[in-house]
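Please work through the exercises below with the sequence and the model at hand. Each task is followed by a solution in steps.

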Amino acid sequence: MPYARLSSYYFFHFAALGALVPFWGPYLLERGFQPAAIGVLMAILMGTKIIAPNVWGLLADRSGQRMPIVRLGAALAVLCFVGVFWADGFWPMALVMMVFSFFWNAPLPLMESVTFNHLGARVNRYASVRVWGSVGFILSVGLIGWWQERAGSAIIPVTVLVLFVGVWLSCLVIPDRGHAAGQDVRLSLHRLIRRPEILFFLGACLLMQASHGAYYAFYSIYLEAHGYSSSAIGALWALGVAIEVIVFLRMHRLLERFGARRMLLLSLALAVLRWQLIGLFVDRVAVQILAQSLHAFSFGAFHASAIHLAHHYFPGSTQGRGQALYNSVSFGVGGAVGSLTSGLLWSSFGPTMTFAAASLMAALGWVVAYGYVDRARRY
């Protein structure tokens, strides 16, 4: 298995995410955008995941080739992101973000499929590859937080561009890998998604990611408003992902012992607690450290369990589209709904109510997962 080459893709992809998610909101704020506009722009970043992965997943499943499409998407993301340096005003920025994120968001589900195909029967080892994405995120937020404090927000788009180039270069050395020859190629995606447990699985994933909307769009702004420095903000983001690394390294054992269903339920319950801690106790550093530690579950354990289920729910010729559907519904629809909702609530009711709404979304996700997702614990 090309472990190092696969890991390099995740490293650069999530390092770029670490440059965008914590620092893009403050960067836009510094450029004069209002909170409601920032919520919409962040929703665009998430919303392109609704369409892009499905379009590219369909092309990959029909052609049987994934890596050429991954490489094309990564190259176009680099070219389109350059427009950020000239975008002036809401609509030009919205257009540039829509176009570059369309290409940037497209390859990841295909890479997940390629990774699982390289793993073969060792699917529980996915987290040992994906953990390098967390390492990239940690290094990115830590170094950028320190650098931004000294050089200003102008370094953010430059850094993102360099990391996008890294994503593209990593794609060039990864060999393609299709699904196993013995898997049924006559499976229908439309039939699969009619199964209640798959529909409710996707619903739980949507609600979990929607609950993260306020965190991704406004957590850095919230901390900044309460006197946290850029270095401290970067350190808090890095802490969450650092503990996530520990969970990823143990994830194969956790899945073997407890199963994906129980890990989903635990992650959703801890997400409810996490958003309340952030919303109510922002001035208490110790509480924020605890809240960030829960990122290991609200994102790390949840995503590893969810993608494990998606791999089994969508076998054979449905792999590319199945992973794309999971990505689109959770990070796309869920992320967009969360960003839009948090932007509106933040302007109208303030941070406390915004994070209370996030807790409610995670709680609803727990109810959905408890009632319907993988009750037989087959995976």
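The exercises that follow treat cavities, individual residues, aromatic pairs and charges over rings.

This is a predicted model, in which local features need pLDDT of at least 70, side-chain atom pairs count only at pLDDT 80 or more, and totals for chains, interfaces and linings use all residues. Residues are numbered from 1 along each chain as its sequence is written, and side-chain values use heavy atoms, with hydrogens and water left out.

**Exercise 1. The largest cavity**

Task: State how many cavities of 30 Å³ or more the structure holds, and describe the lining of the largest cavity by class.

Solution.
Step 1. Rolling a probe the size of a water molecule over the atoms shows where empty space is left. Here a cavity is a set of points, on a 1 Å grid over the protein atoms alone, where a 1.4 Å probe fits but cannot get out; lining residues have an atom within 4 Å of a point. Grid points are joined across faces, edges and corners, and a volume is the space filled by probe spheres set on the points.
Step 2. Four cavities of 30 Å³ or more are present. The largest cavity holds about 340 Å³ of space.
Step 3. Its lining comprises 27 residues, and those nearest the centre are Phe 14, Leu 17, Tyr 216, Phe 299 and Phe 331.
Step 4. Ala, Val, Leu, Ile, Met, Phe, Trp, Tyr, Cys and Pro count as nonpolar, Asp, Glu, Lys and Arg as charged, and the others, Gly among them, as polar. The lining of the largest cavity then divides into 11 nonpolar, 12 polar and four charged residues.

**Exercise 2. Tyr 216 and His 295**

Task: Determine whether Tyr 216 is buried or exposed, and list the contacts of Tyr 216 and of His 295.

Solution.
Step 1. Helices (H or I, at least four residues) are DSSP runs, numbered from the N terminus. Tyr 216 belongs to helix H10 (residues 213–225), whereas His 295 belongs to helix H13 (residues 295–313).
Step 2. Buried means under 20% relative accessible area, exposed over 50%, and partly exposed in between (1.4 Å probe, protein chains only). Tyr 216 has a relative accessibility of 14% and therefore counts as buried. His 295 is buried as well, because its relative accessible area is 5%.
Step 3. Contact means heavy atoms within 4.5 Å. Apart from neighbours within four places in sequence, Tyr 216 contacts Val 21, Met 42, Met 46, Gln 209, Trp 237, His 295 and Phe 299.
Step 4. With neighbours within four places in sequence again left aside, the contacts of His 295 are Tyr 215, Tyr 216, Gly 240, Val 241, Glu 244, Arg 274 and Gly 300.

**Exercise 3. Aromatic pairs**

Task: Classify the pair of Trp 24 and Tyr 27 and the pair of Phe 90 and Trp 91.

Solution.
Step 1. A pair of aromatic rings is described by the distance of the centres and the angle of the planes. Rings of Phe, Tyr and Trp (its six-membered ring) pair if their centres lie within 6.5 Å; planes under 30 degrees apart count as stacked, over 60 as edge-to-face and the rest as tilted.
Step 2. The structure contains 27 aromatic pairs. In one of them, the ring centres of Trp 24 and Tyr 27 are 4.8 Å apart and the planes stand at 40 degrees, so this pair is tilted.
Step 3. Trp 24 and Tyr 27 lie three residues apart in helix H1 (residues 3–30), about one turn of the helix. Trp 24 is buried at 0% relative accessible area, and Tyr 27 is buried at 7%.
Step 4. Phe 90 and Trp 91 form an edge-to-face pair, with 5.0 Å from centre to centre and 80 degrees between the planes. Phe 90 is partly exposed at 24%, while Trp 91 is exposed at 68%.
Step 5. Ring pairs also join Trp 24, Tyr 27, Phe 81, Phe 85, Phe 100, Trp 104 and Phe 164 into a cluster.

**Exercise 4. Charges over rings**

Task: Name the ring over whose face Arg 274 lies, and the ring over whose face Arg 261 lies.

Solution.
Step 1. A charge sits over a ring if NZ of Lys or CZ of Arg is within 6 Å of the ring centre and within 35 degrees of the ring normal.
Step 2. Arg 274 lies over the face of Tyr 215, at 4.3 Å from the ring centre.
Step 3. Arg 261 lies over the face of Tyr 370, at 5.4 Å from the ring centre.

Key: On a 1 Å grid over the protein atoms alone, a cavity is a set of points where a 1.4 Å probe fits but cannot get out, and a pocket is an open set with protein on both sides within 12 Å along at least five of seven lines; lining residues have an atom within 4 Å of a point. Helices (H or I, at least four residues) and strands (E, at least two) are DSSP runs, numbered from the N terminus.
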